[in-house]
Amino acid sequence: MTHHHKFGFYPSLLAFFALAFAWSWICWLLSSMIRPQWVTVGMVLFIAGSFGPGIAAIAVVRYSSGQEGLHRWLRRSLQWRVGWRWLALSFFLPLAVMGLAAAGHIALGGTIAPSPASGHVLLAVVNFGLILVLGGPLGEEFGWRGYALPVLQERYSWRVASLFLGGVWGIWHLPLFYMADTTQSHLPFGLFMMSTVALSVLFAWLFNHTQGSVLPALVLHTAVNAWGWVIPVMVMPDGSNLRPYGLAVGLLVAIALGLLCDKKLHLSLRSR
């Protein structure tokens, strides 16, 4: 299924990436300039920035395939009959990774801060919904996995497509490293890039096992962001807690390497 008969393969991908980056980076730049005076407007712009990839995907698909093509693309992206196992895996795998990272850190003599979610179970549940809608997943996944991944896979293997996309996805976050109060502002950029590339492999593997549905990606992306609030393995603003984050990234890299070496997926993709 192609979305680029009007412009060709590379121009449509380039248009998608250029739009996604321009929208997000301009919103974030304006947000950091406006936020000191107008906090609410700054926050709205900051959240709007996360919708760059999704807006870019809709624009490129609509331009190249028309309204009918856009409907077809949305139907495929929103297929919900993907098997509950895949959704459960998407939801609980980040929990397992963070739990193991925390356990490893404690075993090495470290301490973990008390969970911000302890005693606030309802708040933790609401937080998952807020993160899904406002914290990135809804704005990003229709772009990265809904559009860019399948287009890249028309030309390249799923391995090449997922590794390349992971790098682009990591770089897209770059302005957030220079903004106050973002998760990225106290993360080492190299470790973060390793995590996006490793996660991108996992996202591609899920996407290809669920007929190109974006739902598992939405669940996985939300779970990655939300479980980090429940199990505090993220780096703290003062730079502490680096080891559990590093262990979590190491586990993700190990999972990604395992998936990249999986011959069965290669064959099942070929036969599709």
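Me: Hi! What do I need to know about the model before we start?
Reply: It is predicted, so local features need pLDDT of at least 70 and side-chain atom pairs count only at pLDDT 80 or more, while totals for chains, interfaces and linings use all residues. Residues are numbered from 1 along each chain as its sequence is written, and side-chain values use heavy atoms, with hydrogens and water left out.

Me: Thanks! How many aromatic pairs are there?
Reply: The count is 19. Rings of Phe, Tyr and Trp (its six-membered ring) pair if their centres lie within 6.5 Å; planes under 30 degrees apart are stacked, over 60 edge-to-face, and the rest tilted.

Me: What kind of pair do Phe 16 and Tyr 147 form?
Reply: A tilted one, with 5.2 Å centre to centre and 45 degrees between the planes. Phe 16 lies in helix 1 (residues 9-34) and Tyr 147 in helix 6 (residues 137-155), so the pair ties together parts 131 residues apart in sequence. Helices here are DSSP runs (H or I, at least four residues), numbered from the N terminus.

Me: Is Phe 16 buried or exposed?
Reply: Buried, at 0% relative accessibility; Tyr 147 is also buried, with a relative accessible area of 0%. Buried means under 20% relative accessible area, exposed over 50%, and partly exposed in between (1.4 Å probe, protein chains only).

Me: And what about Phe 17 and Phe 164?
Reply: Their ring centres are 6.1 Å apart and the planes are at 75 degrees, so that pair is edge-to-face. Phe 17 is in helix 1 and Phe 164 in helix 7 (residues 158-172). Phe 17 is buried at 12%, whereas Phe 164 is partly exposed at 42%.

Me: Which residues do ring pairs link into a cluster?
Reply: Phe 16, Phe 17, Trp 28, Phe 46, Trp 144, Tyr 147, Phe 164 and Trp 172.

Me: Which charged end sits over the ring of Phe 46?
Reply: That of Arg 35, 5.6 Å from the ring centre. The rule asks for NZ of Lys or CZ of Arg within 6 Å of the ring centre and within 35 degrees of the ring normal. Arg 145 likewise sits over the ring of Trp 169, 4.4 Å from its centre.

Me: New topic: how do helix 8 and helix 10 cross?
Reply: The axes of helix 8 (residues 189-209) and helix 10 (residues 242-260) come within 9 Å and cross at roughly 35 degrees. Axes are lines fitted to C-alpha atoms over the stretch in contact, with angles from 0 to 180 degrees between N-to-C directions.

Terms used
Helices (H or I, at least four residues) and strands (E, at least two) are DSSP runs, numbered from the N terminus.
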